[in-house]
Amino acid sequence: MLEKRFIGKTAIITGAGIGIGYEIALALAKEGASIILNDLDGKRANEAAEKIRSAGGSCIPIAADASHLETIQAMAAAAKDQYGTLDLLIANAGITTFGSFLEYDPQQFDQLINVNLKGTFFLTQAVAKEMIAQRSGGRILFMSSVTGHQAHPDLTAYGMTKAAIRMLAKSLGVELGKYGITVNAISPGATITERTMQLEGDYMAEWEKITPTGKAATTQDIAHAALFLLSPGAHHITGQTLVVDGGWTSYSPPPH
């Protein structure tokens, strides 16, 4: 029988229409959490919410840009108004942009910062205020990346944002610990998602060759790690970043 570790808890999950975000949302819902599911794409958000409901979960979709302050307020309000509590935040929304440092475009840079950093920062701020007011603690989880640990070709700007996410988790682990709020991050390595399977070349085969465990991660692999850090069993873990990459960062050979 599936352990139900999150009964009575409400989670906000951004960028959760597909991929890692959706997998975490589904796993939390199966263990009893109520879900506020955000995605920029309205069709994806609604379809994801319907699949979670079909699996027996409770889910409210919010289709909007997670980097906008009005979206942030709407998500926090929906959690309180619909479910009465706000206990878990998974700030998963992010974009990946490739480009040479010497040719990188300022407009592209601003978009990257807005989504990957500004949205995460101010969503966390809003959620933390609600958690503090509730006086019942909470769990906050960020999505970093192995590119925030190791340099990667044509991902200088993206890697910079993901390194910043790790530092945000460390800083907030200190600042929010006295309120019973833990703040951690996950750094996924190569992961099989709808997006990565659309990249040029044979993504799975390439990463099988250069990952010590012989395979890329699945979205379920990342969700298992996420649920542990969100669970009661991780109550004494904060300010940390868990790398889930099959050992790739141990020596980090680049893909072709």
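Predicted model: local features only at pLDDT ≥ 70, side-chain atom pairs only at ≥ 80, totals over all residues.
Who does the touching? On the α4 side, the residues are F109, L112, I113, N116, L117, T120, F121, T124, A128 and I132. They meet A157, Y158, M160, T161, K162, A164, I165, L168, L172 and L176 of α5. Sorted by class, this contact of α4 with α5 comes to 15 nonpolar, four polar and one charged residues.

## T124, a buried residue of α4

T124 belongs to helix α4 and is one of the residues in the contact with α5. Its relative accessible area is 1%, so T124 is buried. Leaving aside residues up to four places away in sequence, T124 touches L89, I140, F142 and L172. L172 also turns up on the α5 side of the helix pair.

## Helices α1 and α2

Now for another helix pair. Helix α1 (residues 19-30) and helix α2 (residues 42-54) have axes that come within 10 Å and cross at roughly 25°. That angle makes α1 roughly parallel to α2, and α1 passes α2 in a right-handed crossing.

From α1, the contact draws on Y22, A25, L26 and A29, while α2 brings in A48, K51 and I52. The class breakdown here is six nonpolar, no polar and one charged residues.

## K43, out in the open

K43 is part of helix α2. With a relative accessible area of 59%, K43 is exposed. Follow the chain for 13 residues and you get to G56, whose C-alpha atom is separated from that of K43 by 20 Å.

## N184 on strand β6

Is N184 buried or exposed? At 1% relative accessibility, N184 counts as buried. The residue lies in strand β6 (residues 181-188).

N184 has quite a list of contacts once residues up to four places away in sequence are set aside: I140, L141, F142, A169, L229, I237, T238, G239 and Q240.

## The chain as a whole

Stepping back, the protein chain has seven helices and nine strands. Its C-alpha trace spans about 50 × 40 × 40 Å along the principal axes. For 256 residues, a compact globule would have a radius of gyration near 18 Å, and the 17 Å of this chain agrees with that.

How much of the chain is buried? Buried residues account for 50% of the 256, with N184 and T124 among them. As for contacts with a separation of 6 or more, 72% are between residues 24 or more positions apart.

Conventions. Residues numbered from 1 in each chain as written. Heavy atoms only, no water. Axes fitted to C-alpha atoms, helices over the stretch in contact; angles between N-to-C directions. Helix = DSSP H or I, 4+ residues; strand = E, 2+ residues; numbered from the N terminus. Parallel < 35°, antiparallel > 145°, perpendicular 65-115°, else oblique. Left-handed = near helix turned anticlockwise from the far one by under 90°. Contact = heavy atoms within 4.5 Å. Nonpolar A, V, L, I, M, F, W, Y, C, P; charged D, E, K, R; others polar. Rg over C-alpha atoms; globule rule 2.2 N^0.38 Å. Buried < 20%, exposed > 50% of the residue type's maximum accessible area, 1.4 Å probe, protein only.
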